[in-house]
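Dear colleague,

Here is the structure you will be working with, followed by some notes on what turned up in it.

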Amino acid sequence: MKAWYITGPDRLEMRESPEPALRPGCVVVDVLTAQCSVTEANLVALETDPFGFLERIRAEGAVRLPAHEMVGRVTAVNADSGFKVGDRVSTQAKVTCGVCEACRKGEWRYCQDTLLTGVETDGLMAERVLLRESGLTLVPEALSDAEAANLQPLGDCVCAVESLTTLKPGCKAAVWGAGCLGMNTMQILKARGAYVMIVDIKEENLKLAKELGADAVINGRETDCVEEVRRLTDGRGADIVIDAAGGNPKKGLAGTAALQQAAKALKPEGECLILAIYGPSVEFPIGIFRDYGKQITMPAFTTTAHMAEAARLIAEKKIQVEPMITHRFHGIEHVPEMLKVTGNKTSVKSLNPAQVVIGE
């Protein structure tokens, strides 16, 4: 079968790879549609190497291209499997074992045998893969493959919203970042009954956010977004703010600017949820939180139940995913083009990671 490998910085090869062998607790899956996250797309350059790929390449000659966002169809199962041949499935990014004492108690973060999909397992840019059953979610037939390939990051957004301790119908939330994470989080908040403002500097993204249900859109390039949030909340500030914009400014992300603004726009004793992914440390306005009793929340552990809830919200038309998917390539040979688009989403005006259709 064909699979994609990294052989060095910015060097990719599609190779013939051994067929995955069925193991206990796992299923074999034909990959239908897959996408790389921005982090995975940029990892190919190996400018940063958090997973030790360079050392593995020196030792092994190549490593499978990391990828974990996908939908596939089950082709082989064990006799005691909870899935059957023909099922469409999607997988978690961080997969627990499902059998240890912590997993049996639902204490997922304490699992002693987690696997990071695409890093500690084979990457999913391949015709077939072996996946651990405990990380799989059954995909309803109402979902297209394009929608289902997003269930893992959508599950993260569901988990983030469920992590909020102060969310209730009618509360006013402000989301910084009208990218795919911010746009999906905005839609989930709307489904939970919140009034949602969304902040960005890209007018085309804000236009789509309005079409997808945002109550108010704020262009941070044209207005003081903190003051506009306060105006829309009668001077009080937002009940909840969510940072879905932070990240590497070299890649078109906001650095810590969004977090600084969100903190100022949050009402006293309000709740700030940090959904964006930062490095090990950032500049943080801790004083304003201490002085005004503002809360800081981080998302809990994303489970298959969160992914199943994401699937339900899509099936019930409470979340729209496909309007954000602007680039789809057909054929596994187009993986390098998919990576180029995903790694440069801002310049090509893409919201969702680009997708590649590998199987039908």
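Strands here are DSSP runs of E, at least two residues long, numbered from the N terminus. This is a predicted model, in which local features need pLDDT of at least 70 and side-chain atom pairs count only at pLDDT 80 or more, while totals for chains, interfaces and linings use all residues. Residues are numbered from 1 along each chain as its sequence is written, and side-chain values use heavy atoms, with hydrogens and water left out.

I296 is found in strand β16, residues 295-297, and is partly exposed, its relative accessible area being 39% (partly exposed lies between buried, under 20%, and exposed, over 50%, with a 1.4 Å probe and protein chains only). Together with I286 and M298, I296 makes a nonpolar surface patch of about 290 Å² (patch residues have over 30% relative accessible area and no salt bridge, and nonpolar side chains are joined within 5 Å).

T117, by contrast, is buried at a relative accessible area of 5%, and is found in the loop between β8 (115-116) and β9. T117 and T223 are 106 residues apart in sequence, and their C-alpha atoms are 41 Å apart in space.

Strand β9 (residues 128-132) also gives the second largest pocket the largest share of its lining, 4 residues (a pocket is an open set of points on a 1 Å grid, with protein on both sides within 12 Å along at least five of seven lines, and lining residues have an atom within 4 Å of a point). By class, that lining has 11 nonpolar, 4 polar and 5 charged residues.

With best wishes

Note on methods:
Ala, Val, Leu, Ile, Met, Phe, Trp, Tyr, Cys and Pro count as nonpolar, Asp, Glu, Lys and Arg as charged, and the others, Gly among them, as polar. Patches are made of residues with over 30% relative accessible area and no salt bridge: like charges are joined within 9 Å, nonpolar side chains (Val, Leu, Ile, Met, Phe, Trp, Tyr) within 5 Å. Accessible areas come from the Shrake-Rupley method with a 1.4 Å probe; for residues, only the protein chains shown count as cover. A salt bridge is a side-chain nitrogen of Lys or Arg within 4 Å of a carboxyl oxygen of Asp or Glu.
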